[in-house]
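Thanks, everyone. I'll keep this short. Please have a look at the model on the screen.

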Amino acid sequence: MADLDDRAQILLITGFALAVTFVGLALILNSVIYTENLATRSESTTSQAISHARDVEAGTEAVIEYVNEFNTSEPTDYVDLIDDFDDGFATVTGVSRRHQLSDGQVIDDERATLYRGSWITQTNASRDFTNVSGTSDWSPVNNNSDGARNLRIFVNDSSTLVDAPNAFTIDVNDTAGNTWELSIGPGNVTVDDGGPTLKCNDDGSDLSTLSSFWVNVSQGTVAGHECPGLDFAADLGPIQAVNFSNPGNIEGTYRFLVNKSEGEVGTTGDYGDTSGPFTKVAIFGAVVEVDFERAELVYRTDVRAIPEENDD
Amino acid sequence: MTEDRGQAITFEYTMGIGIAVVLVTGLLIAGGGFISDQRSSAGRAELQVIGQQIAADVEAADRLIASTKDADPTVQIRRRLPRDVAGGHYQIELVEAADPYISLASTDPDLTVSVDFVNHTAVRESSIAGGPVLIEYTSGGRLTIEPGDPS
């Protein structure tokens, strides 16, 4: 007679084998669920790195503009000016470093390059725009620059202005030979960049009613009113030369910043003391090495901080 | 009566064993097949997830490179990935083509998964084993994947 106690053993062993197999499957499925869950927690760190680089660029440009505009120490050489810049830059990076550390990022930004520039300035409002020697047509910047900006002109006496073709004209060109011209005549400010001539008027009225007015080329305003399309050297590459034509037909002040060291700008005899056109040390721009790191990301890049270069 | 039962018992025992064997074999074959299918499905899902994570990191590196005018920035992105998928090792390959993509292949189970991504920066053909990965922008101006730091 069969032993009834033995008949279920095969089924029991089979059941045990299947149970072990299903437990293994559960472990595999568990790892899949874990992987998919982790995937949904991923954070994008690129936006923080990119925004930090943009912040450093903007902060450095602000320091450059401040140091150039508010030189209370009136440095005569670049050493003091660069010290002022380094102090400001250290403040900017110090604030960024503390802010980023609180979020788990480490930054180490450094100044890599500094572009020494010069202010080309005339502050004597009773003088025309000739050079120190009184030469009629002259070049404040002689084909050796790599950029210029911040042009503004103050016409002190409108009665000195003359109509074209003898109107006072500033023309600039880049290394490719592209040119941009600004002419100031009685009652008109015109721009010729190879396209349609742009005319700026004081709110549509005649500029000749004003005895004096500002032409802030970089800001795009004439007599305090916006002139759409007035943009210093628009669509040109880095400005290489700046020329004055008919400088005797205007009286007032002017200034602009050029990317060339003081002493290398213009020709000998063009500049002198503050009674006529003169030069002053300035910082044209800088290159900053941005270093942004966190546990899973390392991002290092050089950022050019030149005010107005990227302002469209 | 006892003589009849002796013959019936043998036949019954044989029948019982035969039926049990058929039943057990059928259960094991069905269960094994089910396990194998589920393992392949789980492995494919996990490779898809891993591939999407790597693609996201490659696109993130691409964005960082595109955001700067510097011709030679340093960009490194690390990602800790599992070394095994569904109990088997796998290979990650960054395929250099007109339309680059990431290919993940495991041998056990035998699976291959492709994941597309959008890029502006060129990529360099590279292949590594599954595990920690490093996506790097090389001095040759290309994105590549390399084995990451195991620590």
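In which strand of chain A is A:Val281 placed? Strand S14, residues 278-294. Keep in mind that this model is predicted. A:Val281 is buried, because its relative accessible area is 2%, under the 20% cut-off. Its C-alpha atom is 7.4 Å from that of A:Ser261.

Next, a loop. A:Pro238 sits between strand S11 (225-226) and strand S12 (239-245) of chain A. A:Pro238 is partly exposed, with a relative accessible area of 47%. Leaving out residues up to four places away in sequence, A:Pro238 touches A:Asp146, A:Gly147, A:Asp174 and A:Thr175. From its C-alpha atom to that of A:Asn173 is 8.4 Å, across 65 residues of chain.

Now charges. How many salt bridges are there over all chains? The count is eleven. Let me walk through some of them.

Start in helix H2 of chain A, residues 46-69. A:Glu57 and A:Arg54 pair there at 3.1 Å, N to O. They are three residues apart, about one turn of the helix. A:Glu57 is buried at 11% relative accessible area. A:Arg54, at 33%, is partly exposed.

A:Glu296 and A:Arg294 form another salt bridge, at 3.2 Å. A:Glu296 is partly exposed, with 25% relative accessible area.

Over to chain B. B:Glu96 and B:Arg142 make a salt bridge, with the closest N and O atoms 2.9 Å apart. B:Glu96 is in the loop between strands S3 and S4, and B:Arg142 in the loop between S7 and S8, so the pair ties together parts 46 residues apart in sequence. Salt bridges with shared partners also link A:Asp291, A:Glu293 and A:Arg300 into one network.

Which charged residue is buried yet has no salt bridge? B:Glu136. It belongs to strand S7 of chain B, residues 133-137. The nearest side chain of opposite charge is B:Arg124, 7.4 Å away. What B:Glu136 does have is a polar contact of 2.9 Å with the side chain of B:Gln76. Its contacts also include B:Val75, B:Leu143 and B:Thr144.

Last, the surface. A:Ile10, B:Tyr13, B:Ile17 and B:Val21 make a nonpolar patch of about 320 Å². Helix H1 of chain B gives the most, with three residues. A:Ile10 comes from helix H1 of chain A, residues 9-39. At 32% relative accessibility, A:Ile10 counts as partly exposed.

Terms used
Residues are numbered from 1 along each chain as its sequence is written. Chains are lettered from A and ligands numbered from 1 in the order in which they are written. This is a predicted model: local features need pLDDT of at least 70, side-chain atom pairs count only at pLDDT 80 or more; totals for chains, interfaces and linings use all residues. Side-chain values use heavy atoms; hydrogens and water are left out. Patches are made of residues with over 30% relative accessible area and no salt bridge: like charges are joined within 9 Å, nonpolar side chains (Val, Leu, Ile, Met, Phe, Trp, Tyr) within 5 Å. Accessible areas come from the Shrake-Rupley method with a 1.4 Å probe; for residues, only the protein chains shown count as cover. A salt bridge is a side-chain nitrogen of Lys or Arg within 4 Å of a carboxyl oxygen of Asp or Glu. Helices (H or I, at least four residues) and strands (E, at least two) are DSSP runs, numbered from the N terminus. Buried means under 20% relative accessible area, exposed over 50%, partly exposed in between (1.4 Å probe, protein chains only). Lys and Arg count as positive and Asp and Glu as negative; His and the chain ends are not counted. A polar contact is a pair of N or O atoms within 3.5 Å; within protein, one must be able to donate a hydrogen and the other to accept it, and residues adjacent in sequence count only if both atoms are side-chain atoms. Contact means heavy atoms within 4.5 Å.
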